[in-house]
Amino acid sequence: MVKFIVRRSIGLLPLLLGVVVISFLLMRAAPGGPQAALSGIKSLTQEDRDAWVKQWCLQPVDASDPVYVQMGKMMIEFGGWLGVLNCNNTGAQAFVSDSGNLNVLPTFLGGGDNGIIHGDLGSSIKAGRPVTEVISERIPATLILTSTALVLWVGVAILLGTYAAVHRYSLFDQAVTFFAYVFYSLPTFWLGLMLIFFFGVALGLVPTGGIITTRDWPPFNTPQYWEAFGQDPLGAVSDIGRHLILPVATLVAVNIAADSRFVRASMLESLGQDYVRTAKAKGLPGRTVIGKHAFRNAMLPVVTNVALELPFLFSGAIVTETIFTWPGMGRLFIDSVGARDYFVLMGLLLVTSVFILLANLLADVLYAVIDPRIRYD
Amino acid sequence: MTAPAPATAADDPVASEALLDVRDLRTYFKVMDGVVRAVDGVSFSVAPGETLGIVGESGCGKSVTALSIMRLHDTPPTWTPTDANAERIPEDVRTLLGDAPPSRVMFEGRDLLALSEDEMRQVRGNDIAMIFQEPMTSLNPVFTVGEQITEAVMLHTKASKKDALDKAVDSLRAVGINNPERRVKQYPHEMSGGMRQRVMIAMALSCDPKLLIADEPTTALDVTIQAQILELIREIQDRTGAALMLITHDLGVVAETVHDVVVMYAGRVVETGTVDDVLLTPKHPYTEGLLTSIPSRGMRGQRLNVIKGTVPNPFNMPTGCNFAPRCPYVFGPCTDHDPRIEDADPADVACWQYTPAPGSAIPPRAHLRRSSEVSA
Amino acid sequence: MSSIPADDPGLTSPAPGSADYEVALQSLNQWQLAWRRFKRHRLALVGAIIFAGMLFLAIFGPIIWPYDPLALRRDLPGPQGFSPLEMPPMGSDGGGRAVWVLVANGARLSMIIGITTMLIAVTIGITVGGLAGFFGGRTDTILMRFVDLMLTIPFLFIILVAARFFGGGELIPLILIFGLLSWPGLARLVRALFLSLREQEFVQAARAVGVGSLRIAFRHILPNAVGPIIVSATLLVANAIILEAFVSYLNFGLKAQDISWGNALAKSQQTIAVGNWWWPFFPGMAIALTVIAINFIGDGLRDALDPRSKE
């Protein structure tokens, strides 16, 4: 099993590399590039700008350069961003760090301290702080939202789908099917808006945005907040909980709709298999036949499906966080796109892609746990 | 042993000794395009320790018969008329049933069709065990072979997990699997087809059933493995004294494995008898057709004999005898009257050649009645 | 199968149950069967009607109810504009412009974006997926690695960035961006279809007769794969419409002077707090209805085109 995990992880490395390259290319290909963004920020002094250019190996952009020169410049910037190159030096010395070793090496071994290899994702042009800081303070909010949503989504979909499959054509099944169709077709953000209006404004039952009630609590994820949290953990959790209701509902509605049908279909297929007939012929009670024999096989495609849909959970988080002004990575993303905050964008792309790759790995492992045929692949 | 039973058990001394006594079994499927009469009045019985073969081509209802005995069909859309469900039978099914008597499946004196689901579950796997055609797909791929066998054992015998595992290992050994201790922890996909079928047999026998129903157990296997499995089934049947009901379309399999045979066509029994009688001197034209269609060495260079035509459309059965459109001996009464084996005299073939049809005098082959029933 | 006896005088109408009855049943080709099945699917028909209605709006909407962005009213009762009671049938936006006009005009661009995106994505997807699935081996590995990569990166991320940086608010760049980023899912599906169909016996039979590779791919395999592809294509239209709506809602999409359903929703969130629910509701409802209609049609198509479908 360990070998399986290791092998699968190694298989993901090319994907990781690809993601890194794509992130870089996308940002650089945008008109203007970091140079334009840098010059747009009045608060930076020329000294700061020069330091940045050096730090990131930013090359002067000149549209009249022949193609290969432009490509060469891009490669240099890529090298700087990765942390392979050290642009305090020039020429071949660029591969060498300030302390004299290969820049690529980890910092504690004498390598450089720039670039993503060394954990330096750059600085937010807008906030003036390291990207790692800016992103990591947004992670908890997004994590709260997406993990709650994930649990609800998968749990409810499995429950609904299994019950509908077992009681096929019953009123419950037909109702679930109908609602699944309707909800599956709704644009998520519109659903969010309608929910805000109906439950938030008209009925006033739930808060209409944010993660905490700003009157009662310090801003989320600040040291003051955690202090207040420690003094009243139940209150804090319930406050967050109330704010979670609408965003999570919005985030999962479409997914539950789609997946409950998928679970139902998978369960029906499993129930039609020969081994279910054998189980019945052995005299096993219905609960065991369905809950043990059919269910486990039915979950195989469901696991794959959930893994494939995980990226959409993150995309959905962007939508939801925007509408509900949730202080997470999705909101950060939108703000950064608007502000052309390149390093933040690249960092976000990397972080979420890594999350997704890990999630895929987890799905593979889960799959192998459920299906013994895969284990010795 | 295989003659259809009369209406009540009181009249029939033979039936009360039978292990399994199927009477007037009808199983109709109500589907979108109409009603399919999959099994249309089938009766036979199996005595303890006896072997019975049910023969017929695909679609004749032999598998459905077995599944109906085990009550493995869902109702609806499947309907088997019993006393209990008479009111719930849909209109169109009821029309086709007409005044047919309710079906009964007597097992050790109890009507299986009248049992509750819980009671039936105790019969399944325990008193009657069934093995299926496709060993590849009939075993659950995500559980070990041992888990699947011990599951049945623990359910029916209240054995502990350890005892059940021992029983599982013993069962595997009894079906000729080497190294059963190792095999018991393996998954189905790690075994060959023949071995999987052995596992199925082991699983079926693990609770010492009194009747084993085998539905085309060797059809999906190679010829050489077929022979091994059949021999295994025979040997086990000898050893444990269980009765065997073997369903197949392969006459060769029947010839080697069972003592009595029932021939089915289009949901009905058309001929019964011992294997020797039926296979050596077939009386029903269908049985005759089946036997002559088997190619033999002496036929080199000649055309193969076929039974012309195809199995009738289940939604549109012919009037009169079901086999008439294809029968080389078809004559007068065949297209007007439907021969039923229960009404037949002699009571082992459903054909107007042997039994006088209503309105006609002496059937053309009355002289071929079996010797024990020839009247003066 | 059926051997006609030598003394058969001629073909009379076969009796039911007779051997020749089966042959005489009318045989429909694949497409006629599919159409029959589609017609039986009531929801699909409802979907088709609704979609036709939206198409009507798309074509004739701006002509019959022209939109004038400058038609601001001065007699507004408040920041929430006119309610549907005051200005039937759908009330107004914050500036007094009728929401119905927004809906009728937005149909055109939304539908154009949906359909053309689908066309682009389908073309690329079939090509890439077909090549990968049909030739297998190296081609497959390389192409699929690329597809995997595209599927790993969060879709909305890339779309938003690309739309903001390269879109410029114009229709054609937006369509290109959407189309060029929506095809990987379809490619994967097509690849799977081709891979499995390639192993089927009818392909081996064609090869045995000497049919060349490309011809096999187009004339033999593709027609069999068409069913699931068509279904996916309909879903792509739906997704593209929703996607455009969100992108425009964030103001990364079409410029404000153009009207699409997404655009129409763009500024409506502010007025929710002051009680205007009709401005976001109706355009969004139009999107939802269109998408529901497309989903129904897709479901009907799936049942109709799948020869194994039981219902």
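What percentage of the 311 residues in chain C is buried? After that, please take me on to the sheet of chain B.

Reply: Happy to! Please keep in mind that this is a predicted model. In chain C, 45% of the 311 residues are buried. If you take the contacts in chain C between residues at least 6 apart in sequence, 70% of them link residues at least 24 apart.

Now for the sheet of chain B. Here 6 strands make an open sheet, and their order across it is β7-β8-β9-β3-β10-β11, with mixed pairing. At the edges sit β7 (128-131) and β11 of chain B, each of which pairs on one side only. From one strand to the next, the twist averages 15°.

Look next inside that sheet, at β3 (residues 51-55) and β9 (residues 243-248) of chain B: these two strands run parallel and are joined by 5 bridges. If you want one pair to find on screen, B:V55 has B:T248 in β9(B) as its bridge partner.

Helix α13 of chain B covers residues 285-292, and its buried residues include B:P285, B:Y286, B:T287 and B:L290. Among the elements that cover the buried residues of α13(B) are the strands β10 (260-265) and β11 (268-274), along with the helices α11 (251-257) and α12 (275-280), again in chain B.

Technical notes:
Residues numbered from 1 in each chain as written. Chains lettered and ligands numbered in written order. Predicted model: local features only at pLDDT ≥ 70, side-chain atom pairs only at ≥ 80, totals over all residues. Buried ≥ 20, exposed ≤ 12 C-beta atoms within 10 Å, placed from the backbone. Helix = DSSP H or I, 4+ residues; strand = E, 2+ residues; numbered from the N terminus. Contact = placed C-beta atoms within 7 Å. Pairing = 2+ DSSP bridges. Axes fitted to C-alpha atoms, helices over the stretch in contact; angles between N-to-C directions.
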